[in-house]
Amino acid sequence: MKRDYAVIGLGRFGGSICRELSMEGMEVLVIDNDEDKINEYKNIASHAVIADATDEASLKELGIKNIDHVIVAIGDNIQASILTTVILTDLGIKKITVKAQNDYHEKILNKIGADNVVHPERDMGKRIAHNIISNNILDYLELSDDHSIVEVKAGEKMVGKTLIDLDIRANYGCNVVAIKQGKDINVSPAAEDVLVEEDVLIVIGSDKDISRFEKNLVIED
Ligand code: ATP
């Protein structure tokens, strides 16, 4: 189903969202108060408009009320980001995603009614840090303040063993929710299957438990 999106602010983050949505064939309205940015994206987005997003009248004139999902990607100017979000919530936009610059900004955005607050630099930093700790940690995704999912290669401590041998739930309090085998994902891995080097385990748990699991079974000596 085709849906309408608007991206406000065309920095690297907003620009990348616009390119990706457009590539997926979505209708994207982009708004920026910098004419050069609008010129850069006018052939990529469906509609590109120079406007100050903190001006309610301009947003109304652009028909922002008819947009299903608005992404506010104004980064540095926290005041403009907050003001824009307040206007969008007042206008009753169905879904608002906002990029936060820091933790305080995030708190305020949550309080004023943003549906989804993203913190790309912080999240990417965490993911890369886990990958730096061990090449076997392929991905790390935060689910809440204290729960995460990690994707780990079955390294030397796991290869040749079964899930029963490793008893990850009893030993570390984490659950193996699936095992990727090449392009296939086995969502109900059998406890007695022997893990091979190509297997990638998808493990869910509290950050504390995941950290113990990583230290004991993933990081190689
Ligand atoms: P990134 O890290 O994603 O490159 P950033 O966090 O540095 O971006 P900024 O450069 O601060 O983000 O802002 C992104 C864009 O938002 C800029 O192109 C800027 O012109 C635009 N912008 C800032 N304020 C407004 C506003 N009030 N109305 C519309 N666009 C705005």
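This is a predicted model: local features need pLDDT of at least 70, side-chain atom pairs count only at pLDDT 80 or more; totals for chains, interfaces and linings use all residues.
How far apart are the end C-alpha atoms over residues 135-219, and what percentages of helix and strand does the chain have there?

View 1. Over residues 135-219 the chain is 25% helix and 35% strand, with its end C-alpha atoms 8 Å apart. An unreviewed UniProt entry places the feature "domain: RCK C-terminal" at these residues, 135-219.

**View 2. Two assigned domains.** The domain assignment divides the protein chain into domain 1 (4-118) and domain 2 (123-218), and the centres of these two domains, taken over C-alpha atoms, are separated by 36 Å.

View 3. Six strands with parallel pairing form an open sheet in the order 3-2-1-4-5-6. Strand 3 (47-50) and strand 6 (116-118) each have a single partner strand and stand at the edges, so one side of each is left without a neighbour in the sheet. On average, neighbouring strands of this sheet are turned by 15° against each other, direction ignored.

**View 4. Strand 2 and its partners.** Five of the six residues of strand 2 (residues 27-32) are buried, so that the strand is mostly covered. Strand 1 (residues 4-8) runs parallel to strand 2 and is joined to it by five bridges, with alanine 6 opposite leucine 29; the chain passes from strand 1 to strand 2 through helix 1 (residues 12-23) in a right-handed β-α-β crossover. Strand 2 also pairs with strand 3 in the parallel sense, over four bridges, and here aspartate 32 stands opposite isoleucine 50. Helix 2 (residues 35-41) lies on the path from strand 2 to strand 3, and this β-α-β crossover is right-handed.

**View 5. Strands 4 and 5.** Strand 4 (residues 69-72) and strand 5 (residues 95-99) run parallel and are joined by four bridges, with histidine 69 standing opposite lysine 95 in strand 5.

Note on methods: Residues are numbered from 1 along each chain as its sequence is written. Side-chain values use heavy atoms; hydrogens and water are left out. UniProt positions are given in the numbering used here, feature names are shortened, and annotations may be inferred rather than shown by experiment. Helices (H or I, at least four residues) and strands (E, at least two) are DSSP runs, numbered from the N terminus. Two strands pair if DSSP finds at least two bridges between them. Axes are lines fitted to C-alpha atoms, for helices over the stretch in contact, and angles run from 0 to 180 degrees between N-to-C directions. Domain bounds come from an automatic or database domain assignment. Buried means under 20% relative accessible area, exposed over 50%, partly exposed in between (1.4 Å probe, protein chains only). A crossover is right-handed if, with the strands pointing away from the viewer, the path from the first strand over the helix to the second runs clockwise.
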